[in-house]
Amino acid sequence: MADIVWAKDLRPGNTFLFKGNLYQVIENSFNKTAMREGIVKCKVKNLRTGSITIEVLTGEKLEKASVTTVKMLFSYDDGSNFVFMDNSTYETIEIPHSRLEWEKNFIVEGTEVSIQKYEDEILGVSLPDQIVAIVSEAEEAVQGNTVTSVQKKAWITSGLEIQVPQFIKKGDKVLVNTTNGEYVGRTH
């Protein structure tokens, strides 16, 4: 028997099924009037598509959804899938390249990610905020340019193009923000 929750009892972070969709509550409000039952408006994120909408859930009984987050390490790329392994159970899962279009720019062997799952369905992969990447190619520095904020193009081993300061060269290790792909700093 599935756990049921009343719409008026939803709180931010709760996950539930509604009209065949899997939602997570971002914000909610409950307005009670004297002549009728309360109105529940929830700002929700569809965990399958990532879209954010407002749902009116007046008097609804909803099925709770148990979404789990598992930390896994990237093991290898089999050519069409990324293979991740749970370090405690040694269980592996495969995620098609097409599902990780942005994330593939930052996934290298040994990268730890958080994978959201609902039953056996993989909802998404969360990367660390920053990763260490090796510069595989960099443009030449412009001689005599003394402006400190001048940037040049560089490419990390995944092929992602980033803007870096003039002093960065091929082979340097750099920190890259995984949200926007921007250079954060140099590391050793």
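Student: Which residue in β10 is the bridge partner of Met72?

Tutor: In β10 that partner is Val113. This is a predicted model, where local features need pLDDT of at least 70, side-chain atom pairs count only at pLDDT 80 or more, and totals for chains, interfaces and linings use all residues. Numbering starts from 1 along each chain as its sequence is written, and side-chain values use heavy atoms, leaving out hydrogens and water.

Student: What makes β7 and β10 a pair?

Tutor: Two strands (E runs in DSSP of at least two residues, numbered from the N terminus) pair if DSSP finds at least two bridges between them. β7 (residues 67-77) and β10 (residues 112-118) have seven bridges and run antiparallel, so they qualify as a pair.

Student: Why are β9 and β11 called edge strands?

Tutor: The open sheet has five strands in the order β9-β8-β7-β10-β11, paired antiparallel. β9 (92-96) and β11 (121-126) each pair on one side only.

Student: How many bridges link β15 to β12, and how many to β16?

Tutor: Five to β12 (residues 130-138), antiparallel, and four to β16 (residues 183-187), also antiparallel. Gln130 stands opposite Asn177 in β15, while Lys173 has Thr187 in β16 as its bridge partner. β15 and β16 form a hairpin with five residues between them, and Gly181 in the turn has a positive phi of about 75°.

Student: Which side chains of β15 are buried?

Tutor: Val174 and Val176, on one face of β15 (residues 173-177). Buried means under 20% relative accessible area with a 1.4 Å probe, protein chains only.

Technical notes
Buried < 20%, exposed > 50% of the residue type's maximum accessible area, 1.4 Å probe, protein only.
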